[in-house]
Amino acid sequence: MSHIALARLPPPECSGGCTCAAREGSAHDITQRREAERALQEAERRYRSIFENAVEGIFQSTPDKGYLAVNPALARMYGYDSPQQMIDTLRDIEHQLYVDPERRAEFLCLMAEHGQVLNFESQVRRRDGNVIWISENARAVRAPDGGIQFYEGTVVDITERKVYEARIRHQATHDALTGLPNRILLADRLQQAIHQAERDGGIAAVAFIDLDHFKFINDSLGHQVGDELLKVVAARLKSCMRASDTVARQGGDEFVIVLSNQKSLESVTDTIRRIIAVVAEPAQASGLDLHVTCSVGISVFPSDGHDAETLLRHADSAMYKAKELGRNNFVYFAAEMNAHATQRLDMLNSLRHAVANNEFVLQFQPKIHLATGKVVGAEALIRWRHPLRGMVPPGSFIPLAEESGLIIEIGEWVLRTACAQNMAWQRAGFPAIPISVNLSPRQLVRGDIVALVAEVLHESGLAPHCLELEITETVVMRDVDKSLVILKKLKELGVKISIDDFGTGYSSLNYLKRFPVDTLKIDRSFVSDIADDQDDAAIVKAVISLAHILNLRVVAEGVEAEEQRRFLLENGCDEVQGYYFGRPVPSESFAGKWLQAKEEA
Ligand SMILES: Nc1nc2c(ncn2[C@@H]2O[C@@H]3COP(=O)(O)O[C@H]4[C@@H](O)[C@H](n5cnc6c(=O)[nH]c(N)nc65)O[C@@H]4COP(=O)(O)O[C@H]3[C@H]2O)c(=O)[nH]1
């Protein structure tokens, strides 16, 4: 404003008589021009400041290859010391900048079609070779003839967001512990393998892999050891696979592999054999030497199913068959397994129902003192009174209860009922004899078994020495240190402990010496043949002497014949149990037959 006022003033040398008005007019023109120039300069200064100081990268580039102008932010983003250095160096954007040169072609194409690109994301190479993700917004600036003169736009570095997105995507599709694909990605990969086999007329195989006795390792050695072991197994499985195959963790100790584009079943079998061998190699987890095996069920596209869900279900059924057949092996799906899997599911449902509806009963089998023939104990044995199938023996449902975890509730019921029954006999005036209860592997490792036994004794009022817990030898030997701690605590409660099925495992004498046990029960498989099989006879004799050296009682189970009784008597066995003396019977019959007999005697 001030210079306009100044321009209107006559110049100092003016003495009048001149055409001051004209001079004033021309001064006015100059002033206006200067003003416009200054405004322009000001605007340019402002825009330059924005350009120079913007945090976003700003550029002008030509359709052919290079840059016209870039701001310092863009030069910095791409790793150059100055804009000029960047302009001079980057003469071929397509090949020097874009990681995928195709992106430049797409950029040009979008510009030609729409005159702009929005959020155009690409990977570019910085001057130092590092790759970053950028997002560009740009427009085409056209000449009056309509041709593209140059492009101008902005660039932001979105690497951090991309890394974050990739991490989130990875987390959603991978298992956190092992880093393997999870169920979601597995479904996708399996679908791809099916499509590929359909297209090429080949086969694809799905293998369901379950670690044998993993739950036991997890429960007894702790989750940390279990987790470590899963990681080792995951790495081993991966080492057996081609890049095009998939190893996924289905959950827990279950893995699934998808073998795509297979030429023949032989090649599938070869891979599975390799997997079984590699899993079975000794493993180290948390400093412990472990040995784990796996059972594998395989289904094949197209013969065993046409969709991912069916193939997975069938591989799962085959895996159960592999477990049934002794574990550490593999089985291909066969149609009849469907029926078996359905049966198993039905059984599990009715077993759950049985727990809720109290469909179990206990029977009792006497333990006889061999030398005197007196009843010195009773073993409680569970039966399932099924509403349709009648009395179901424990061999038909205990393994499933164990596998599904239902054994915890069932076992607790057995313990309570057996202790209550013993008290009921005593209150009815029968002599106090110890009652034996089988403890399942899961019950033993669950950690609160000591508290449970203490609680049941307290609630029932049963004297601790009137309860004997039978634990199978293999379970005790699987984790000697942990078993030792639990058995000691149980012993401190005052209950008796018996090692069941003795001889079937691999007890070391050294361990046996350390265990606070009262009784060894010789497995009935040895007893049944003592009259005919010299080896079994020798084993039974050895177990009796060993037990006596260690100051333990010996009970022989499964005695069915007189010659077995005589052999055991002659060799100093303390107690016997078996059909020869008495079968398991309901509580009333037991009291009537055995406890009265003891009283009369
Ligand atoms: N062949 C033959 N068998 C005889 C003879 N004497 C007794 N037995 C049977 O041998 C089994 C002895 O029980 P176990 O070794 O503890 O073996 C038991 C035990 O491992 C399990 N079991 C039974 N009740 C329970 C329970 O309450 N809890 C748990 N966890 N397991 C149980 O089921 C297994 C089988 O039980 P049961 O069918 O009742 O079978 C019982 C019994 O009926 C004989 O002279 N000859």
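Biologist: Which residue in E4 is the bridge partner of phenylalanine 120?

Modeller: That partner is glutamate 136. This is a predicted model, in which local features need pLDDT of at least 70, side-chain atom pairs count only at pLDDT 80 or more, and totals for chains, interfaces and linings use all residues. Residues are numbered from 1 along each chain as its sequence is written.

Biologist: What makes strands E3 and E4 a pair?

Modeller: Pairing requires that DSSP finds at least two bridges between two strands. Here 8 bridges join E3 (residues 116–125) to E4 (residues 131–142), so the two strands pair. They run antiparallel, and in their hairpin, with 5 residues between the strands, glycine 129 has a positive phi near 95°.

Biologist: Why are some residues of H9 called buried?

Modeller: A residue is buried if 20 or more other C-beta atoms, placed from the backbone, lie within 10 Å of its own. Ile217, Asn218, Ser220 and Leu221 are the buried residues of H9, so each of them reaches that count. The buried residues of H9 pack against several elements, including helix H10 (223–239) and strand E10 (288–290). Glycine 222, which follows H9, has a positive phi near 100°.

Biologist: How much of the chain counts as buried?

Modeller: By that rule, 34% of its 601 residues.

Key:
Helices (H or I, at least four residues) and strands (E, at least two) are DSSP runs, numbered from the N terminus. A residue is buried if 20 or more other C-beta atoms lie within 10 Å of its own, exposed if 12 or fewer, and partly exposed in between; C-beta atoms are placed from the backbone. Two residues are in contact if their C-beta atoms, placed from the backbone, lie within 7 Å.
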